[in-house]
Amino acid sequence: MYTITVISGDGIGQEVVGRALKVLDAVAKKYHHQFTFKHALAGGAALDAVGVPLPEETLDSCRASDAVLLGAVGGPKWDNNPPHLKPEQALLGLRKNLGLYANIRPAKIYSALLDASTLKREVVEGVDIVVVRELTGGIYFGTPRGVESKNGEAIATNTLTYSESEIKRIAESAFEIAMKRKKKVCSVDKANILETSQLWRITVTAVGQKYREVELSHMYVDNCAMQLIRNPKQFDVIVTENMFGDILSDEAAMLTGSIGMLASASLGGKVALYEPVHGSAPDIAGQNKANPIATIASVAMMLRFSFNLQKEAEDVESAIQKVLDNGYRTPDIATANTIRVGTKEMAEQICSIILRQ
Ligand code: NAD
């Protein structure tokens, strides 16, 4: 029996999480597991209901669960809220309070989707990258921060700080992941300009001494942004700090055809959190157009990392592969001669394959 705190959030979060729970129901039915879902509020939904983006009850529920599934938060309704009342504060609060310092984002191209990528087939064929992003440090959390008025104009400040121990633990996560893959780590920084990046490079290199089998390279972030488009196959594991990882993992997502395909796991604390990489997509919310695969693939990561249910995880992943091979596509990945389906129908196809295979 596994207890999962479910935070659907806002916009398409509601739709894709609802469908991912159906997939967990299918897994439970097939393998005789029991998943208990505890629904909790965060983001705009929490602001509307109780006036704060991350209620204490939500954190308590997460801490008392075996894993957390999150959809997405945010939307235009709350865009003009003051900073501490923005839905996105919930994300930072969850990461910090649950100690989730390692964000794992795989970007693997499905062969059936080669033509959905905006890049040429020969560039993206075989791409299989994991971006390991530091999640609880860096400029998103550093202080001082804020906006003040000086000499008649507004001045905004954010602070970028990293400690050696923060860098060491994320580097270790990256090397451990690389050991189970092609044994290649590319550490991305801006060491030609930033002191934090210089410490990052020295610390990652020192950690690398313990993993002699792993080939370690360093790359500046601007070059990495370019290399991801030029020759993405050169990468296996990319490890980088919070903001660079935020940007590069969205770029890596597009190699796979759509941000609607990309799953993530945030690890490091007692309870891990799983969520799609995409946001709440207000432009398509409530229209049955959202691709649920990123959230369903996040559930597969939950089965693997939090519950150690390897066979079940593989089952979900192979069902996603088969549905794509069978030609089913949500609008974001649809091309000529494919079968256009909505969020609900895509998830139903995946569930029915899980129950049949
Ligand atoms: P977004 O990821 O929500 O959308 C970007 C584009 O991708 C949109 O055109 C959208 O329609 C499309 N898209 C996203 N997910 C999709 C899916 N599953 N299927 C098909 N198409 C999909 O990013 P944004 O527009 O920059 O942000 C919208 C809101 O989401 C903002 O309030 C932002 O702060 C928030 N956000 C939340 C998270 C999170 O909760 N983890 C992450 C990013 C953005």
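Below is a chat about a predicted model, covering one valine, a helix pair and some aromatic rings.

Trainee: Where is valine 204 found?

Mentor: In helix H7, residues 195-208.

Trainee: Buried or exposed?

Mentor: Buried. Valine 204 has 0% relative accessibility, and the cut-off for buried is under 20%.

Trainee: Which residues is valine 204 in contact with, leaving aside neighbours within four places in sequence?

Mentor: Ile167, Ala171, Phe175, Ser187, Leu216 and His218.

Trainee: And what separates valine 204 from isoleucine 139?

Mentor: Their C-alpha atoms are 19 Å apart. Along the chain, the two residues are 65 residues apart.

Trainee: Let's switch to rings. How many aromatic pairs does the structure hold?

Mentor: It holds 5. One of them joins tyrosine 162 and tryptophan 200. The ring centres are 5.6 Å apart and the planes are at 70°.

Trainee: Why is that pair edge-to-face?

Mentor: Because the planes are at 70°, and over 60 degrees counts as edge-to-face.

Trainee: Where do the two residues of this pair sit?

Mentor: Tyrosine 162 is in the loop between strand S7 (153-159) and helix H6 (164-179). Tryptophan 200 is in helix H7. They are 38 residues apart, so the pair links distant parts of the chain.

Trainee: Are they buried or exposed?

Mentor: Tyrosine 162 is buried, at 7% relative accessibility. Tryptophan 200 is buried too, at 1%.

Trainee: Phe175 came up as a contact of valine 204. Which ring does phenylalanine 175 pair with?

Mentor: Tyrosine 211. The centres are 5.0 Å apart and the planes are at 10°, so this pair is stacked. Phenylalanine 175 lies in helix H6. Tyrosine 211 lies in the loop between H7 and strand S9 (215-220). The pair therefore ties together parts 36 residues apart in sequence. Both residues are buried.

Trainee: Which residues form an aromatic cluster?

Mentor: Tyr2, Phe35 and Phe307 form one.

Trainee: New topic: helices H3 and H4. At what angle do the axes cross?

Mentor: At roughly 45°, and the axes come within 11 Å. H3 covers residues 56-63 and H4 covers residues 89-98. The two helices are therefore oblique to each other.

Trainee: Left-handed or right-handed?

Mentor: The crossing of H3 and H4 is right-handed.

Trainee: Which residues make the contact?

Mentor: From H3, Leu59, Cys62 and Arg63. From H4, Gly93, Leu94, Asn97 and Leu98.

Trainee: How many nonpolar, polar and charged residues is that?

Mentor: The contact of H3 with H4 has 4 nonpolar, 2 polar and 1 charged residues.

How values were computed: Residues numbered from 1 in each chain as written. Predicted model: local features only at pLDDT ≥ 70, side-chain atom pairs only at ≥ 80, totals over all residues. Heavy atoms only, no water. Helix = DSSP H or I, 4+ residues; strand = E, 2+ residues; numbered from the N terminus. Buried < 20%, exposed > 50% of the residue type's maximum accessible area, 1.4 Å probe, protein only. Contact = heavy atoms within 4.5 Å. Axes fitted to C-alpha atoms, helices over the stretch in contact; angles between N-to-C directions. Parallel < 35°, antiparallel > 145°, perpendicular 65-115°, else oblique. Left-handed = near helix turned anticlockwise from the far one by under 90°. Nonpolar A, V, L, I, M, F, W, Y, C, P; charged D, E, K, R; others polar. Phe/Tyr/Trp six-rings, centres within 6.5 Å; stacked < 30°, edge-to-face > 60°.
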